[in-house]
Amino acid sequence: MSIIDVRPTAPELHDHATEPTPQTYRAAVVHEFRTPMTIEQVSRRTLETGQVLVKVEATGLCHTDIHAAHGDWPVKPTPPFVPGHEGVGIVVERGAAVTEVAVGDRVAMPWLGYACGACDYCVSGWETLCLAQKNMGYSIDGTFGEYAVAYGRMVVKVPEGVDPFDAAPLTCAGVTTYKAVKVAGTRSSNLVAVFGVGGLGHLAIQYAAIAGGRVVAVDIHEEKLELARELGAEFTVNAATEDPIEAIQKLGGAHQAIALAVAPKAFEQAYASLRRGGTLVFVALPADNEVKLPIFETVLNGITVVGSIVGTRADLREVFALHAAGKTTVIRETRSLADVNEAIADVEAGRVAARIVLEP
Ligand SMILES: [Zn+2]
Ligand SMILES: [Zn+2]
């Protein structure tokens with residue numbers, strides 16, 4: 001007989017909230033690329049082993065959702081599908097063998113909807129590169145609905161006191177830019193150029209500043225540059241009226257540049273704004289998939305060019321912890337999920353300050 005009580009609390013085969021979950025729920029569905037999404041009743045799926053059903057409270061609208069709905073990228077989702085990968089809500093039901101979260105927990109459902117957990121990438125802290133990954137709102141149905149199905153192992157708990165409408169943009173825009181600053185290797189006193197001050201950029205500025213960087217923000221809208229200054233950018237450049245390369249080189253050149261604007265030209269400007277030994281981080285994914293970079297200058301100037309894709313669950317935990325500690329501000333506006341098509345039109349026309357968060 002052991003002196004320690006080692007009886008593990010075995011997960012029940014299936015548990016759920018006392019309130020019954022409906023058999024169908026409303027969701028935004030893409031039936032055909034480049035046509036508006038339809039809001040319709042979809043049937044809820046039976047939970048597979050390891051899955052949870054989440055009642056969605058808030059779901060951010062990311063540029064990736066728009067590219068998904070348009071079928072813009074080389075690897076396309078297969079319609080019909082439900083977009084959304086900045087979903088936050090309450091776990092209302094657990095499938096078999098879920099031990100990571102309990103019914104009633106508030107969780108975030110990120111882009112990395114599933115990773116195998118066993119490959120070289122997964123076991124070395126690079127689960128975001130797992131070849132077996134499934135992505136919410138792309139290869140598996142996402143969070144643009146009243147409910148969403150996710151893997152209990154992959155969701156990230158939202159700390160007490162963090163507003164779900166703040167947590168939603170942090171789930172992609174936050175973790176993506178947080179990781180980009182990590183990948184950039186920003187250290188105190190580095191000059192960090194952030195190209196594009198939108199849903200991602202407004203958070204990148206804050207993470208670069210938290211890392212000790214001095215931030216120069218570049219955009220073509222004066223009100224976004226105003227926002228950038230409020231959030232900690234020391235310098236701003238309006239690329240519509242001023243040459244950002246010249247302006248940033250005048251400051252000594254950027255140690256790191258983070259490319260967040262969905263225009264290849266901004267990537268080229270970001271490259272040319274670097275000082276010798278600088279690092280350019282590719283984050284945005286323009287539909288136009290080509291940039292032109294010079295080989296000679298890259299070699300002679302010792303430039304690093306690196307791609308950064310979202311972040312891990314550990315990165316997202318850190319993002320939430322920073323927010324819970326009051327270190328970041330999320331700029332967002334709330335719309336109804338029923339107005340998702342109008343919201344997309346507004347994002348595409350640049351009529352949105354930072355992030356739209358949809359309420360199912
Ligand atoms: Zn996203
Ligand atoms: Zn893997």
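In this predicted model, the axes of helix H3 (residues 164-184) and helix H4 (residues 201-210) come within 9 Å and cross at roughly 45°, where axes are lines fitted to C-alpha atoms, for helices over the stretch in contact, and angles run from 0 to 180 degrees between N-to-C directions. Helices (H or I, at least four residues) and strands (E, at least two) are DSSP runs, numbered from the N terminus. On the H3 side the contact (heavy atoms within 4.5 Å) is made by Pro169, Leu170, Ala173, Gly174, Thr177, Tyr178 and Val181, and on the H4 side by Leu203, Ala204, Tyr207 and Ala208. These residues divide into 9 nonpolar, 2 polar and no charged, with Ala, Val, Leu, Ile, Met, Phe, Trp, Tyr, Cys and Pro counted as nonpolar, Asp, Glu, Lys and Arg as charged, and the others, Gly among them, as polar.

H3 also packs with helix H9 (residues 313-324), at an angle of about 110° and with the axes 9 Å apart, and the two helices are therefore roughly perpendicular to each other. Here Asp166, Ala167, Leu170, Thr171, Gly174, Val175, Tyr178, Lys179 and Lys182 in H3 meet Asp315, Leu316, Glu318, Val319, Phe320, Leu322 and His323 in H9. The residues of this contact divide into 8 nonpolar, 3 polar and 5 charged.

Cysteine 62 lies in the loop between strand S4 (51-61) and helix H1 (63-70) and cysteine 172 in helix H3, so the pair ties together parts that are 110 residues apart in sequence.

The zinc ion (ligand 2) is coordinated by Cys116 (SG), Cys119 (SG), Cys122 (SG) and Cys130 (SG), at 2.3 to 2.4 Å, and these donors follow the spacing C-x2-C-x2-C-x7-C along the chain. Its 4 donor atoms subtend angles of 105 to 118°, which makes the arrangement tetrahedral, a term used for four donors if all angles lie between 85 and 135 degrees.

Residues are numbered from 1 along each chain as its sequence is written, while chains are lettered from A and ligands numbered from 1 in the order in which they are written. Local features need pLDDT of at least 70 and side-chain atom pairs count only at pLDDT 80 or more, whereas totals for chains, interfaces and linings use all residues, and side-chain values use heavy atoms, with hydrogens and water left out.

Conventions
Donors = N, O, S within 2.8 Å, 3.2 Å for Na, K, Ca; no water. Tetrahedral: all angles 85-135°; square planar, octahedral: opposite > 155°, others 65-115°. Parallel < 35°, antiparallel > 145°, perpendicular 65-115°, else oblique.
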